[in-house]
Amino acid sequence: MDAVLAIAITLPVTELHAPEPTDGDLAAAYLKLAPEYAAYALSVILIGLYWASSHLTGKLLQKTDHGYNLLSIGFLAAVSITPFPARPLIEHLGGDAESKTAVLAYLGVAAAPATWWFVRWVYATARGLPDPRLTDAYLRRITLKFAVTAGAYWAAFVLAFWNWRAGLIVAGIVTLSYIVPPAKPSYKPGQDPENG
């Protein structure tokens with residue numbers, strides 16, 4: 001999964017262009033390219049946070065199976081396309097006739113990997129793939145977090161039909177909440193990995 005996420009986070013770089021000597025004033029040329037750089041930054045944040053979260057869930061699973069791996073393909077496909085609507089979103093943040101459409105496209109695409117992530121986690125817990133030493137309460141907390149994340153993205157999408165700015169703010173809060181370090185795994189008494 002690391003390799004695909006690394007490619008997904010790197011591909012938006014190909015959309016970045018340095019100013020040309022014929023563009024005249026360098027500062028003005030960079031300012032003109034600001035939407036490209038902002039779209040890249042937005043993509044790096046979203047994909048990067050999924051990459052960081054994948055390291056946590058990787059440590060929580062004792063094993064995977066074929067079904068989990070197939071669901072991972074869906075997640076990777078969904079997260080890989082997230083840079084696509086980022087540039088139109090940035091270009092229409094000013095509040096023009098296309099702002100609502102740009103936000104709806106971005107939020108719909110952003111909600112897809114969160115949904116795949118949640119479905120994949122539910123599948124994993126139903127199949128007994130997490131480390132059996134983890135407490136049930138911890139697994140429930142993680143499941144709830146992923147469910148709330150997916151639900152909040154879709155709620156932001158629906159809210160954007162009414163008020164695109166509010167929808168975007170909700171999605172931004174949800175995304176940035178993943179900057180906070182996750183709760184440490186909680187193990188059953190006497191089964192902490194440090195104890196053997």
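Modeller: The axes of helix H3 (residues 34-60) and helix H7 (residues 136-162) come within 13 Å and cross at roughly 160°, where axes are lines fitted to C-alpha atoms, for helices over the stretch in contact, and angles run from 0 to 180 degrees between N-to-C directions. Helices here are DSSP runs (H or I, at least four residues) and strands are runs of E (at least two), numbered from the N terminus. This is a predicted model, in which local features need pLDDT of at least 70 and side-chain atom pairs count only at pLDDT 80 or more, while totals for chains, interfaces and linings use all residues. Residues are numbered from 1 along each chain as its sequence is written, and side-chain values use heavy atoms, with hydrogens and water left out.

Colleague: How is H3 oriented to H7, roughly parallel or roughly antiparallel?

Modeller: Angles under 35 degrees count as roughly parallel, over 145 as roughly antiparallel, 65 to 115 as roughly perpendicular and the rest as oblique. The crossing angle is roughly 160°, and therefore H3 is, relative to H7, roughly antiparallel.

Colleague: Which residues of H7 make the contact with H3?

Modeller: Contact means heavy atoms within 4.5 Å. From H3 the contact uses Leu46, Tyr50, Leu56, Thr57 and Leu60, and from H7 it uses Tyr138, Ile142, Phe146 and Tyr153.

Colleague: How many charged residues does the contact of H3 with H7 have?

Modeller: Ala, Val, Leu, Ile, Met, Phe, Trp, Tyr, Cys and Pro count as nonpolar, Asp, Glu, Lys and Arg as charged, and the others, Gly among them, as polar. By these classes, the contact of H3 with H7 has eight nonpolar residues and one polar residue, and the number of charged residues is none.

Colleague: Is leucine 60 buried or exposed?

Modeller: Leucine 60 lies in helix H3 and touches, not counting residues up to four places away in sequence, Trp121, Pro130, Asp131, Leu134, Tyr138, Ile142 and Pro185. Buried means under 20% relative accessible area, exposed over 50% and partly exposed in between (1.4 Å probe, protein chains only). Leucine 60 has a relative accessible area of 1%, so the residue is buried.

Colleague: What share of the 196 residues of the chain count as buried?

Modeller: The chain's secondary structure comes to eight helices and zero strands, and its C-alpha trace spans about 65 × 40 × 30 Å along its principal axes. Of the 196 residues, the share that count as buried is 37%.
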